[in-house]
Amino acid sequence: MRFLLRLPQTHLRKLSCSMSLLMGSKQFLEFCLLPSFAAYPCSSTTSLSPSYSSSRQVSSVSRRFRPVLASRPVSKNSPSYQRTNGLSSYNSISRVPTPVDTEEEADKRAVLSRLVTLRRKLAEQGIDAENCPPGQYSGLTCPTCEGGNSGEKSLSLFIAPDGSSATWNCFRGKCGLTGGVRANGRLASADPIEKVERKITVEGIELEPLCDEIKDYFAARAISRKTLERNRVMQKRIGDEIVIAFTYWQRRELVSCKYRSLTKKFLQERNTRRILYGLDDIEKTSEIIIVEGEIDKLAMEEAGFLNCVSVPDGAPATVSSKEIPSEDKDTKYKFLWNCNDYLKKASRIVIATDGDGPGQAMAEEIARRLGKERCWRVKWPKKSEDEHFKDANEVLMSKGPHLLKEAILNAEPYPIQGLFPFKDFFDEIDAYYHRTHGHEYGVSTGWKNLDNFYSVVPGELTVVTGIPNSGKSEWIDAMLCNLNHSVGWKFAFCSMENKVRDHGRKLLEKHVKKPFFDADYGRTVQRMSAEELDEGKQWLNDTFYLIRCEMDSLPSIEWVLERAKAAVLRYGIRGLVIDPYNELDHQRTPRQTETEYVSQMLTKIKRFSQHHSCHVWFVAHPKQLQHWDGSAPNLYDISGSAHFINKCDNGIIVHRNRDAKAGPLDLVQIGVRKVRNKVAGQIGDAYLCYDRATGLYSDSPVTPEIPERRPSNRY
């Protein structure tokens, strides 16, 4: 009954008449209700696809019964004459012959069905295609960028004539949305559709000479009428608005046109060839300038540069991380491929795009395609202390043609990764000359005797060697304590030979200057107190960080350097100790020799040191010495490779006197055998005294003569 309430009065009157004539026939009541219900469905009812054969049956039955039911002729447009479906099951109706569909009508129904499906799928992508006819291009608002600030209809949608597929492309440079969909299939990338290039003429697209209002607009931007005439800038009337028309010519043929309103909204003639604006101006030049807008090209002409072209589209938001696509797939930069005959002749290309992020991204994309080796980059002059001018026209308007010309003439070679002019480092050289950082001569080791030969320079690699039990690790620990006390440096230890508690004891003894235990090695020196221990632990925690591999396997040099990098970033360490070399994992490929492996390993350590301005001390044991006579070894005795001495910045030998006849047994020889940086030191020997109770070193008052073992006695 709720359906009856929705019927208009005319239907109710007819229904009443019909019911009285047939005395309430149930079958006829259903027959009368169904057409009316189809004509006025409930809002919550899902619409169905029409069944044309059923509709024809209803039509035939309606004509058959109309003389009995209607008191007057019923128009075919009347609601009571609406076609419906669902009646073919009635025996009284099924006997009515049904007309056969023609092949043309079947095709139309198939196209309509596909269009319904296609438009639904497009709606799922945010594209409203209800008013877009098949077989042609339609301009719509892009669902991603929404036409930018201007709200332009930048999305071009093409629906196949048979309704089988649709493709779209947003022509805004900062968006570039592309895609496609099939009526019977999943969403996919846009299928290439062969576009027919339009031929246009000035008369055909109804261009006009510039009016005074537009000329005044350009005059306010410092563009003369002469420049406008030479570049054939025109206008076009679109509705009640007059827009600027930038005409694109190639060999004196009009191939495209771009429109700009005074409120900075852009349109472009569809299906025309995409080329650079002003292309004919660079046909016979070996040096060209590329800018980001037509007005910037005109501004360049005011500064005296005719050999200038502009890109036709806006700049991308960022540089693509993908490889440069092939010519047929590089749709965004198709204009460069179309102009390749002009561009390939140029030996110098000055890229003068906008100074903002998208402008610099455009410069990078152009340079990637044209070859950075022949590209130069313009840096726009400063507008204020913290801001630069954005583009060529802004410089022209604010500073005039002379400063614009100067900016172009001062263009710099486009940066190429790994290739630098020396001037890129002049600031660093100046800081080095004026000793701005304070460590140009290196940092004192804390011992005057040694400072004459060796000082610690950030970013260098020092290899330390010496026979076992010579005190290599003890000496390095003492020097790090000195560096912390003098300049506040922090350090990371990768010390695999020391237990943490023993290493902590040694460092605490050097800091507190008292023995950790009340044991024989402390002699008569009083042990550190509990309060001194607590203060020392705080210092220990603030100064040193441990790199330790808790797994059963040995750590690789890559693993160690990753943790050291984290220590630089997290704790600000300025020094790294790797002690010793033979406690690292040294797996290498079967074809790689130990010499090659050591060379690559030391290269990685040096790169880490230089990149993070972190000094690295690398402890390496000497190989087993044959016929050792008690004298100090040399750097070529290090086990593994001669690269230890070849690649390090500094090479040091720590040697302890074991012969009472040669001098005091607490005497330690620090032999500096290599110094790459003459500012930081020189080759020579320094002598220190070792205090066994505290682990401290001090300058020796005497310089004994301890003979060094000759190379001929190495084996």
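Contact here means heavy atoms within 4.5 Å.

## About the model

This is a predicted model, in which local features need pLDDT of at least 70 and side-chain atom pairs count only at pLDDT 80 or more, while totals for chains, interfaces and linings use all residues. Residues are numbered from 1 along each chain as its sequence is written, and side-chain values use heavy atoms, with hydrogens and water left out.

## Where H18 meets H19

Let's begin with two helices (DSSP runs of H or I, at least four residues, numbered from the N terminus). Gly-504, Leu-507, Leu-508, His-511 and Val-512 of H18 touch Glu-532, Leu-533, Glu-535, Gly-536, Lys-537, Trp-539 and Leu-540 of H19. By class, this contact has 6 nonpolar, 3 polar and 3 charged residues; Ala, Val, Leu, Ile, Met, Phe, Trp, Tyr, Cys and Pro count as nonpolar, Asp, Glu, Lys and Arg as charged, and the others, Gly among them, as polar.

H18 spans residues 500-512 and H19 residues 530-543, and they pack at about 110° with their axes 10 Å apart. Axes are lines fitted to C-alpha atoms over the stretch in contact, and angles run from 0 to 180 degrees between N-to-C directions. The two helices are therefore roughly perpendicular to each other (65 to 115 degrees).

## Confidence

The protein averages a pLDDT (the predictor's confidence in each residue, from 0 to 100) of 83, and 82% of the residues score at least 70. Two stretches to treat with care are residues 1-8, where pLDDT stays under 50, and residues 187-193, where pLDDT also stays under 50. Where pLDDT is low, the predicted coordinates should not be read in detail.

Notes. Parallel < 35°, antiparallel > 145°, perpendicular 65-115°, else oblique.
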